[in-house]
Amino acid sequence: MIYFDNAATSWPKPPGVAEAMVHFMGAVGANPGRAAHRQAVESGRIVYGAREAVCELFRAPDPLRLVFGKNVTEALNLALRGLLRPGDHVVTSSMEHNAMMRPLRALEGKGVEVTVVGCSPQGVLDPADVEAAIRPNTRLVALNHASNVVGTLLPVAEVGAICRGRDLLLLADVAQTGGAYPVDVQADQIDLLGFTGHKSLGGPMGTGGLIVGERVDETQIEPLIRGGTGSRSEHEVQPDFLPDRCESGTPNVVGLAGLGMGVRWVLERGVDAIRAHEVALTQALIEGLQSLPGVTVYGALDPELQTATVSFNVAGMAPSEVGLCLDDEYGILCRVGLHCAPTAHKTLGTFPEGTVRFGLSAFNTMDEVEAALAAVDNLARGHV
Ligand SMILES: Cc1ncc(COP(=O)(O)O)c(C=O)c1O
């Protein structure tokens, strides 16, 4: 079996991730921050260790300004619904995942103005177009760091510089880059960073979060939910400090045990080394697919300008048919269709059928890329 669905969720996970989760379940088990006994202290240590690891990876200076949640969808909802008010204007791109687009469209119905800046048919965003879209009431620019459909990197750092110059906030969705491409909240001037644990960070599903930069006044973030935090229990109102203001209820400590281990593996291996491996695989994949008759490859078509996610179609075959054949006949697992990003597919010219998407990870090999190319070649030539 060849697993090429890492853009949806990574598999396998790094060594030690499952063991850390089993260890928590078997040997710790207690609720963090709710009691002073040794198991609760150990549980709190595991959560704080995951905070520190994620902040080290993204160069975020204060682990207490990281709000853990279920995934990046929740993190983006917290940032957008928590900060934007009627009359505010937000600028986003036409390459966004629905995790960004749907909360924005819902906020539009509540008086928030939204401008979707168009990207090129390769998925490339021109920072000058973002700058031109800024209005006097613009509060936030909200972008993914890389497309989940074609992997194209968006110019987050350039837009970060524009935002600082105009006193605006930048929200970046690093679902596709975190752990696979360098992300530095300080150098890239990202004010709000949403991440998900289950892709290149190597963690399990059910983990993610939002890093809140110093330029964001946390008392202005409306929490998505309120409740017990283990702190200030004497008060009936929600604490106003982070992370407690936005982290209510018992956290997913078993998941965070795995996430902490996954991120530590990324730190040990090094993002630059992971990136170099993935660039080499992506280059071979793009060049190989482009050489096949009847195969159309989408996106920037340059491994340096994208992540290890490559979208293509085979002439005369629906993406779903290609995906089914690859699974049934060749044991190659991938994702087909619209990838929760209809606006991105409209930008690329692949709406409504979508594409076949190969999402590679640090664990894929050149042999797997070659086997996949041979399989697509067979399909394209009409031999299943
Ligand atoms: C760019 C991007 N944003 C958001 C998401 C949503 O991630 P999650 O389902 O973990 O919240 C994804 C996942 O596919 C993604 O690729």
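How many nonpolar, polar and charged residues does the lining of the largest cavity have, by class? The views below come from a predicted model, in which local features need pLDDT of at least 70 and side-chain atom pairs count only at pLDDT 80 or more, while totals for chains, interfaces and linings use all residues. Residues are numbered from 1 along each chain as its sequence is written, and side-chain values use heavy atoms, with hydrogens and water left out.

View A. A cavity is a set of points on a 1 Å grid over the protein atoms alone where a 1.4 Å probe fits but cannot get out, and lining residues have an atom within 4 Å of a point. Of the 13 lining residues, Lys199, Ser200, Ser361, Ala362 and Phe363 lie nearest the centre. By class, the lining has 6 nonpolar, 5 polar and 2 charged residues, where Asp, Glu, Lys and Arg count as charged, Ala, Val, Leu, Ile, Met, Phe, Trp, Tyr, Cys and Pro as nonpolar, and the others, Gly among them, as polar.

**View B. An open sheet of 4 strands in the order β9-β10-β13-β12, with antiparallel pairing.** Strands are DSSP runs (E, at least two residues), numbered from the N terminus, and two of them pair if DSSP finds at least two bridges between them. Because β9 (295-298) and β12 (335-337) stand at the edges with a single partner strand each, one side of each is left without a neighbour in the sheet.

**View C. Pairing of β12 with β13 (residues 355-359) in the antiparallel sense over 3 bridges.** Arginine 335 has arginine 357, in β13, as its bridge partner.

Technical notes
1 Å grid on protein atoms, 1.4 Å probe; cavity = no way out; pocket = protein on both sides within 12 Å on 5 of 7 lines; lining within 4 Å.
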